[in-house]
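Thanks for making time for this one.

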Amino acid sequence: MTGPTSRNEADRETAPDVRALVAAGLRAARTRSGLSLSEVARRAGVAKSTLSALEAGQGNPGVETLWALSDALGVRFSELVDPPPSPVRLLRAGEGPRVPAGEATYAATLLAACPPTARRDAYRITAEPGVPRRSTPHARGTQEHVVLAAGRALVGPTDEPVELAPGDYLAYPGDVAHVFEALEPGTWAVLLSELG
């Protein structure tokens, strides 16, 4: 048998390579800043060889190192680990750029970075099977983010909803017709409505 032997192995196989995301984010941020490798390393308090390795997609970047580098480069942490945006973005449970802390049993998984001009409203959604919640388009530029906590649901644009399981994350345009349909009793989720 050649498939993954555990949920953790399956998660590692489907998760984006955080090293590649960090490498691209660091190179882009450093190029925009006009700072040398040596200067960024000095400002962040990390070895130049560490920064060089991270920009080459090597090493295992920790939360602390990435926070120091984002501060030194004057960018948000999310700019170093967030993949390029897409109008519809799905993260299944266990997916996403997972960045562990150095020594603590803690890891951060970026779900969505907030653009500087955006405003977000957060909701806890409870739903039961039956009549789905169909929403007309919200204001232009609205983006919705859903993390399903329990149950199962069809969520997203009305013409292409996605079935979510507990822990799954979905982002989709809220300025198009969209739906939230519970498929199991006791379904609930966290919804962020981002108004652009």
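Let me start with a convention on exposure: a residue is called buried when its relative accessible area is under 20%, exposed when it is over 50%, and partly exposed in between, using a 1.4 Å probe and protein chains only. By that convention Pro-100 is partly exposed, with a relative accessible area of 36%.

Before going on, please keep in mind that this is a predicted model, in which local features need pLDDT of at least 70 and side-chain atom pairs count only at pLDDT 80 or more, while totals for chains, interfaces and linings use all residues. Residues are numbered from 1 along each chain as its sequence is written, and side-chain values use heavy atoms, with hydrogens and water left out.

Taking contact to mean heavy atoms within 4.5 Å, residues 24 or more positions apart account for 70% of the contacts in the protein chain with a separation of 6 or more.

To return to Pro-100, this residue is found in strand β2, residues 98-100. Pro-100 and Val-63 are 37 residues apart in sequence, yet their C-alpha atoms are 6.0 Å apart in space.

Now, how many of the residues of strand β9 are buried? Five of the five residues of β9, which spans 169-173, are buried, so the strand is largely enclosed by the rest of the structure. Tyr-169, Ala-171 and Pro-173 point one way from β9, whereas Leu-170 and Tyr-172 point the other way.

As for its partners, two strands are said to pair if DSSP finds at least two bridges between them. Strand β1, residues 89-91, runs antiparallel to β9 and is joined to it by three bridges, with Leu-91 standing opposite Tyr-169. Strand β6, residues 143-150, also pairs with β9 in the antiparallel sense, over five bridges; in β9, Tyr-172 is the bridge partner of Glu-144 and Pro-173 that of Gln-143.

Elsewhere, four strands form an open sheet with antiparallel pairing, in the order β5-β10-β7-β8. Strands β5 (133-135) and β8 (162-164) stand at the edges with a single partner strand each, so one side of each is left without a neighbour in the sheet. Within this sheet, β5 and strand β10 (residues 178-182) run antiparallel and are joined by three bridges, and the bridge partner of Ser-135 in β10 is His-178.

Finally, the helices. Axes are lines fitted to C-alpha atoms, for helices over the stretch in contact, and angles run from 0 to 180 degrees between N-to-C directions. The axes of α3 (residues 37-44) and α4 (residues 48-55) come within 8 Å and cross at roughly 115°. That makes α3 roughly perpendicular to α4, given that angles under 35 degrees count as roughly parallel, over 145 as roughly antiparallel, 65 to 115 as roughly perpendicular and the rest as oblique. On the α3 side Leu-37, Ser-38, Val-40 and Ala-41 meet Lys-48, Leu-51, Ser-52 and Glu-55 of α4.

Conventions
Helix = DSSP H or I, 4+ residues; strand = E, 2+ residues; numbered from the N terminus.
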